[in-house]
Structure formats: structure tokens, C-alpha cells
Amino acid sequence: VVSTQSTWGLACELCLEQHYLLTMSPVSIRQNFHEDCEHALNKQINMEMFASNTYLALYSYFIQHDKALHGFAKMFLKSSHEERDHGLLLIEYVTKRGGQVVMENIKKPEMALSSAKIAVETALNLEKDVNQSLLNLQVLAGEKGDAHLSNFLEEHFLEEQVDAIKEVGDLLTRLEMAGDGLGVIYIDNELKKRFGGGEDSD
């Protein structure tokens, strides 16, 4: 049989432990991570998700029965996945630095598509916009003395964005030279070989 004194002593110990847990300072891993950088990273997350949705809209355009350009479709689907992965990478980075991710409303893609050329022009402008946002973030990191953020952007984003702009720009040049009709089909077949483009492929 547990004595009343022992029960009371145990209760006191539990109360003291609970009081300690409630009054102790929370652990913080945040260091040299300015609020302006955190805010800009959250904006970049939103932009990457917007870019992913835009590429998804381009994908849906090319799989329509009256377009049926599955090489272009698969290329844009791959781009959508890449942009989404970029957003997830940024989410992980913000939390790794002790920040808080704020998920904002993602703007609806607004496009008037009528040809493969216009779709690729849309993609090129999108890549430039994303790149400029990243460059602005890189400048901000330098102003705030955040070397870790600067290195992170250089390692995971900046070089890849330059490559993406060059690749999409080259594709647009080839579309302009090819013209409409069979030239677009020829380029689509090349994209099928590179990305896979059958209706049943993933």
C-alpha cells in the first residue's frame, strides 16, 4: 500500500517537473538568419510552386487531343516536377536555419496559348523571372552577411537556372527556324526521344 506521504511526494515531483518544462526557454537553432532573408525565401518558395503549376498547365495544353505533342508535354511535366522539388528544397532549408515557412496563396497561371512557340516563349520568360528572383535573394544574402545562404543558392540554384535559360532559349530558336507544321512535329519527336512522350508513359 502506497502511503499518503509517498503519493504526495510523487505529485510534488511531477508538478515541479511540469513547471520546469513550461518555464524553460525553447531551444533555438537560428543563427545569422535575418528576417528579411526568411521572408524572401518564403516568397521564393511561392514562386517555385507557381512555376511548377505553370509548367503543369503547359503540360495539359500539349496533351489535348487537338495538340497531341507528347514530347513537349513530357518536357514540361519534367520541368513542373523540378520546380516543385526546388520549392521543397527551400522549405527544408528555411526550417534547417530555424525559420518558419509561410505558405501563401499561389497565383493562377494566366496564359493565352496558341502554338508551341508561344508556350516555349512563356517558359523562357518564366525561367528568367525565377532567375532574377534568385539573384535578388543572393544580393540580399550578401547584404545581410549570410554566407551560408549565398553558398546554398550557388550550389543548388544559380548554375541550374543559367543552364535552363540556355536550354529553353535554344529550343525557341529551333522552333523559329523550323516554322509551323512538320518542323514542330520533328522537334516534338526529338523531345519524345529525350523525355519519353508516349501517351501511356510516365
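Predicted model: local features only at pLDDT ≥ 70, side-chain atom pairs only at ≥ 80, totals over all residues.
Two helices, α2 (35-62) and α4, each supply at least two residues to the lining of the second largest pocket. Rolling a probe the size of a water molecule over the atoms shows where empty space is left.

**Second largest pocket**

- The volume of the second largest pocket is about 220 Å³.
- α4 provides the largest share of the lining of this pocket, with four residues.
- M47, F50, T54, K107, K108, P109, E110, M111, T122, N125, L126 and D129 form the lining of the second largest pocket.
- By residue class, the lining of the second largest pocket has five nonpolar, three polar and four charged residues.

**Largest pocket**

- The largest pocket has a volume of about 420 Å³.
- It is lined by 24 residues, of which S79, E167, V168, R194 and F195 are the closest to its centre.
- Two or more residues of the lining of the largest pocket come from each of α3 (70-96), α4 (116-143), α5 (147-178) and α6 (182-195).
- Among the elements, α5 gives the most to the lining of the largest pocket, namely nine residues.
- The lining of the largest pocket comprises 10 nonpolar, three polar and 11 charged residues.

Methods
Residues numbered from 1 in each chain as written. Heavy atoms only, no water. 1 Å grid on protein atoms, 1.4 Å probe; cavity = no way out; pocket = protein on both sides within 12 Å on 5 of 7 lines; lining within 4 Å. Points joined across faces, edges and corners; volume = space filled by probe spheres on them. Nonpolar A, V, L, I, M, F, W, Y, C, P; charged D, E, K, R; others polar.
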